[in-house]
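Visitor: Could you walk me through this one, starting with whatever terms we need?

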Amino acid sequence: MLAPKSLQLGAQAIKGLSRVSHFSKFVAPATIPCVQDGELYSTTATSSADGGNEEKEKISVTFVDKDGEETQIKVPIGMSMLEAAHQNDIELEGACEGSLACSTCHVIVMDVEHYNKLEEPTDEENDMLDLAFGLTETSRLGCQVIAKPELDGLRLALPAATRNFAVDGFKPKPH
Amino acid sequence: MASKIMASTVRRTLPHIRPLSTAAGISIKGVKISGRPLYLDMQATSPVDPRVLDAMLPYFISQYGNPHSRTHLYGWESDQAVEAARAQVASLIHASPKEIIFTSGATESNNISVKGVMRFYNENKKHVITTQTEHKCVLDSCRHLQQQGFDVTYLPVKPDGLIDLNELRNSIRSDTGLVSVMAVNNEIGVIQPMEEIGRICMEFGVPFHTDAAQALGKIRVDVNKWNVSLMSLSGHKVYGPKGVGALYMRRRPRIRVEPQMNGGGQERGVRSGTVATPLVVGMGAACEIAMKEMEYDAKRVVKLKDRLLNGIRTRLDGVMVNGSMERRYAGNLNLSFAYVEGESLLMGLKEVAVSTGSACTSASLEPSYVLRALGVDDDMAHTSVRFGIGRFTTEEEVDKVVELTVNQVKKLREMSPLYEMVKEGIDYKSVQWAQH
């Protein structure tokens with residue numbers, strides 16, 4: 001129980017760090033590169049150059065949207081899926097910005113094995129998941145799925161809509 | 001002009017309906033009765049306890065806000081009342097308030113449980129186990145699921161109305177998604193072995209749903225001792241208002257359902273729609289009263305039941321009690337009188353409000369499927385009458401019912417050719433009847 005908690009704390013720390021660097025336009029530390037909108041290419045060039053080091057710090061995650069279109073991105077260890085999606089302009093709404101107060105970052109883990117590798121959702125996460133649109137047995141909140149090495153190759157399906165549904169197709173931008 | 005308006009107003013305010021009761025008695029649907037019948041049909045519904053009505057009234061007239069209105073006092077006070085009622089219902093079944101969802105009744109709760117659970121887990125789980133003596137809403141939901149490709153096993157019951165635990169164990173498959181067994185049967189009053197069923201379900205990891213509409217407030221209901229994942233509750237069986245019920249959904253381990261009512265996500269997304277504050281407050285008050293008075297009510301009901309049964313048995317023979325005598329809720333007495341047809345007995349007992357079988361099956365002409373499941377012979381299945389005793393039943397009522405029943409049964413038996421044959425020693429079962 002303690003080990004994953006420390007991982008979470010570490011993740012929070014790293015997240016905070018990256019946010020600060022984003023706003024004040026500091027030179028980002030080498031361990032947390034900002035992935036731009038080149039979805040397919042990202043930082044593969046630099047990672048291969050650095051050899052083993054870069055590979056350990058990023059895992060490959062594929063987002064499948066409701067039309068079946070796949071987007072593969074690299075997610076640094078310790079970053080949540082919600083943040084990774086926002087950085088890569090993937091359409092994952094995060095109305096409460098990862099504070100466990102909504103169900104809009106709902107993702108469906110496509111492989112049961114990967115789902116089992118994730119930690120048990122807390123009661124608070126389960127409460128929010130109960131409200132999610134299109135809930136399945138392998139659903140999780142994207143802001144609570146933190147990248148770790150065992151999840152390499154994770155495939156996440158995006159549900160057709162969220163609880164903040166707008167039938168005219170309006171998609172709120174991440175804030 | 002003014003006088004014309006006044007005249008028409010006066011005409012409009014005078015009652016146009018012919019009064020129901022006159023000095024000579026009540027006449028309704030072509031039947032004449034000397035007065036309002038004695039109510040012994042507590043399983044069909046129960047009168048609202050005056051204390052419950054007191055709790056409900058303010059929420060109709062002065063505190064009428066929508067509990068989901070978040071911006072003003074009316075909404076906040078309604079929400080507070082709903083949450084207080086939720087806690088009252090939860091404490092009666094030893095659950096947490098977060099696990100209670102308010103619905104429109106036990107039928108809706110049963111629908112959500114059976115169809116909702118199976119549809120949510122339908123990728124891997126295709127099998128449901130239930131019993132043959134369940135309430136119609138559970139059986140109909142199961143039949144509906146069968147139409148959609150699910151498998152349903154309807155467990156038979158032993159002659160005493162209880163299920164065979166070994167049969168249950170043997171019916172569980174790897175793809176069983178739900179076991180649904182009602183706690184107290186509405187027609188015969190038997191109490192199923194809930195703790196043992198819960199243990200079997202826990203062993204196999206199968207969610208356990210129970211329809212506890214008749215059990216709430218009458219026997220001790222404990223969701224943890226019974227290991228239930230889902231429980232349906234009804235307001236109007238515990239001296240609360242009609243039109244409200246609740247669904248208990250376990251949080252650890254979490255059970256999920258596909259909602260049957262879609263909308264704004266009220267009640268944790270399980271049951272969208274404005275929560276009816278007065279009805280919910282009524283159900284909460286009824287549960288609180290039941291918690292305080294359950295023990296006393298139970299003792300009183302047992303005494304009244306003994307009075308009724310002994311009163312009838314000392315004066316009549318050929319009286320059978322349907323269902324187990326040991327594992328039974330005393331307030332439900334289902335009796336079969338040999339050689340007397342149930343419907344004709346009821347027609348003769350116009351001053352007593354009882355029923356044969358359950359209210360929801362009374363429209364069909366077939367004898368109750370619950371009695372058929374007990375293995376009761378066809379001739380006996382038609383003879384059953386269900387007496388329901390409750391919190392407001394008095395000893396005088398019971399004595400009067402005994403008198404009326406005994407007289408009516410004797411009268412009908414005089415007329416019965418079967419009874420004559422039996423008295424002469426002929427075994428009517430061996431007779432070759434001329435017609436069908």
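Guide: Helices (H or I, at least four residues) and strands (E, at least two) are DSSP runs, numbered from the N terminus. This is a predicted model, in which local features need pLDDT of at least 70 and side-chain atom pairs count only at pLDDT 80 or more, while totals for chains, interfaces and linings use all residues. Residues are numbered from 1 along each chain as its sequence is written, chains are lettered from A and ligands numbered from 1 in the order in which they are written, and side-chain values use heavy atoms, with hydrogens and water left out.

Visitor: In what order do the elements of chain A run?

Guide: From the N terminus, the order in chain A is α-α-α-β-β-α-β-α-α-β-β, which comprises 6 helices and 5 strands.

Visitor: And how much of chain A is buried?

Guide: Of its 175 residues, 41% are buried, where buried means under 20% relative accessible area, exposed over 50%, and partly exposed in between (1.4 Å probe, protein chains only).

Visitor: Why is helix α6 of chain A largely enclosed?

Guide: Helix α6(A), residues 123-130, is largely enclosed by the rest of the structure because 7 of its 8 residues are buried. Among them are A:Met128 and A:Leu129, but also A:Asp123, A:Glu125 and A:Asp127. The cover over these buried residues includes β3 (106-109) and β4 (139-141) of chain A, contact meaning heavy atoms within 4.5 Å.

Visitor: Switching to chain B, what is the strand order in the open sheet of 3 strands?

Guide: The order is β12-β13-β15 in chain B, with antiparallel pairing; two strands pair if DSSP finds at least two bridges between them. The edge strands, each pairing on one side only, are β12 (319-321) and β15 (384-388) of chain B.

Visitor: How many bridges join β13 and β15 of chain B?

Guide: Strand β13(B), residues 332-337, pairs with β15(B) over 5 bridges, and B:Ser336 stands opposite B:Ser384 in β15(B).

Visitor: Which helix packs on that sheet?

Guide: Helix α9 of chain B, residues 277-315, touches β12, β13 and β15 of chain B, and its direction makes about 10° with that of β13(B). Axes are lines fitted to C-alpha atoms, for helices over the stretch in contact, and angles run from 0 to 180 degrees between N-to-C directions.

Visitor: At what angle do α9 and α13 of chain B pack?

Guide: Helix α9(B) packs with α13(B), residues 395-415, at about 25°, the axes being 9 Å apart. That makes the two helices roughly parallel, a label for angles under 35 degrees, with over 145 roughly antiparallel, 65 to 115 roughly perpendicular and the rest oblique. Residues making the contact include B:Leu308 and B:Ile312 of α9(B) and B:Val398 and B:Val402 of α13(B).
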